[in-house]
Amino acid sequence: MEWPMGLLGFAAGLLISVATAPVGVSGAVFLLPVQVSVLGVPSPAVTPTNLLYNVVAGPGALLRYWRAGRLGGPLTRLLIAGTVPGVVVGAVIRVFAVPGPRVFRLLMAVLLLPLGLWLWLRTLRPAPPGTRDLPSSRATTSLALAVGVAGGIYGIGGGSLLGPILVGRGAPVATVAPAALASTFVTSVVGAATYALLSLAATGDVAPDWLLGMTCGVGGLLGGYLGARLQPRLPETSLRLLLGTLATGIGALYAVQILR
């Protein structure tokens, strides 16, 4: 890896995580197209490289949330219980079935575009408190399992999907953000280790690009801490609108890539 590429990866990780950490998104879903289109990481190695980014970047925001006494709790445990087994299944699918990137882009566009717009609508025109219907524990774990499979296949942080859904159903951003980031971190550790083991038995570019993933992750480590530090200073409505904007922006990005 040449130093200009490393500097670009560091800057991308830093800027992305500053914007996404306050709402519980690791930023890996934004970093994925940068790694593929700009940094030239081959497939399927881009998936474990993205997971490695989450492993290195995650502790920055988590440390800040822990110091604020907002890390842990039942939601964190439910999300981890679903995403950890899911990421192992997703990694096996990615290595041996190798679903194409077009399917992933279509899935992200179909899910995130309406999800982001719905979250915007729910924020600007909130439902009465008595009508909010938070998902049950079983539904939350099942959702986390599905997100874990997607994370294992494509190396994305689950917060990009879990955050808009849970917040849109009425959960406060201050509760969802640390839980989603903790789940993303634990899941990424398991996922990166799974890919490292699978690389011993599979052919092709299966192992992560260690140096690039760590360089992007160091940028994300600093950015995540700064983003988590900013969160208490931002009003709940602004955080909800930011999360809706991120979801809509990611969906629109992948929709444009499909149409090209």
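**Note on helix packing in the predicted model**

1. R77 is exposed, at a relative accessible area of 56%. The classes used here are buried for under 20% relative accessible area, exposed for over 50% and partly exposed in between, with a 1.4 Å probe and protein chains only. R77 belongs to helix α4; helices (H or I, at least four residues) and strands (E, at least two) are DSSP runs numbered from the N terminus. Between the C-alpha atoms of R77 and L121 there are 29 Å, with 44 residues separating the two along the chain.

2. On the basis of the numbers: this is a predicted model, in which local features need pLDDT of at least 70 and side-chain atom pairs count only at pLDDT 80 or more, while totals for chains, interfaces and linings use all residues. Residues are numbered from 1 along each chain as its sequence is written, and side-chain values use heavy atoms, with hydrogens and water left out.

3. How far apart are the end C-alpha atoms of α4? They are 34 Å apart, which agrees with the 33 Å that its 23 residues should span at 1.5 Å a residue. The expected span is 1.5 Å times one less than the number of residues in the helix. Buried positions in α4 are L75, T76, L79, G82, T83, G86, V87, G90, A91, R94 and V95. These buried residues pack against α3, α6 (137–154), α7 (159–168) and α8, contact being defined as heavy atoms within 4.5 Å.

4. One of those neighbours, α8 (residues 173–198), has an axis that comes within 8 Å of the axis of α4 (residues 74–96), and the two cross at roughly 30°. Axes are lines fitted to C-alpha atoms, for helices over the stretch in contact, with angles from 0 to 180 degrees between N-to-C directions. α4 and α8 are therefore roughly parallel (under 35 degrees; over 145 is roughly antiparallel, 65 to 115 roughly perpendicular, the rest oblique). The contact involves 18 nonpolar residues, eight polar and one charged. Nonpolar covers Ala, Val, Leu, Ile, Met, Phe, Trp, Tyr, Cys and Pro; charged covers Asp, Glu, Lys and Arg; the others, Gly among them, are polar.

5. S142 sits in helix α6 and, with 43% relative accessibility, counts as partly exposed. S142 and G82 lie 60 residues apart in sequence but 6.3 Å apart in space, C-alpha to C-alpha.

6. The axes of α2 and α10 (residues 236–259) come within 10 Å and cross at roughly 25°, so this pair is also roughly parallel. Here the crossing is left-handed. V29, F30, L32 and P33 of α2 meet L246, I250, L253, Y254 and Q257 of α10. The contact comprises eight nonpolar residues, one polar and no charged.

7. R240 is likewise in α10. Is R240 buried or exposed? Its relative accessibility is 11%, so R240 counts as buried. Leaving aside residues up to four places away in sequence, R240 touches L119, T123, V167, G170, A171, P172 and V173.

8. Helix α9 (residues 210–230) has 21 residues and should span 30 Å at 1.5 Å a residue; the end C-alpha atoms are 30 Å apart, in agreement. Several glycines are among its buried residues, including G213, G217, G219, G220, G223, G224 and G227. L212, T215, C216 and A228 are buried too. The buried residues of α9 pack against α1 (3–20), α2 (28–37) and α3 (46–67).

Definitions and conventions: A crossing is left-handed if the near helix is turned anticlockwise from the far one by less than a right angle, and right-handed if clockwise.
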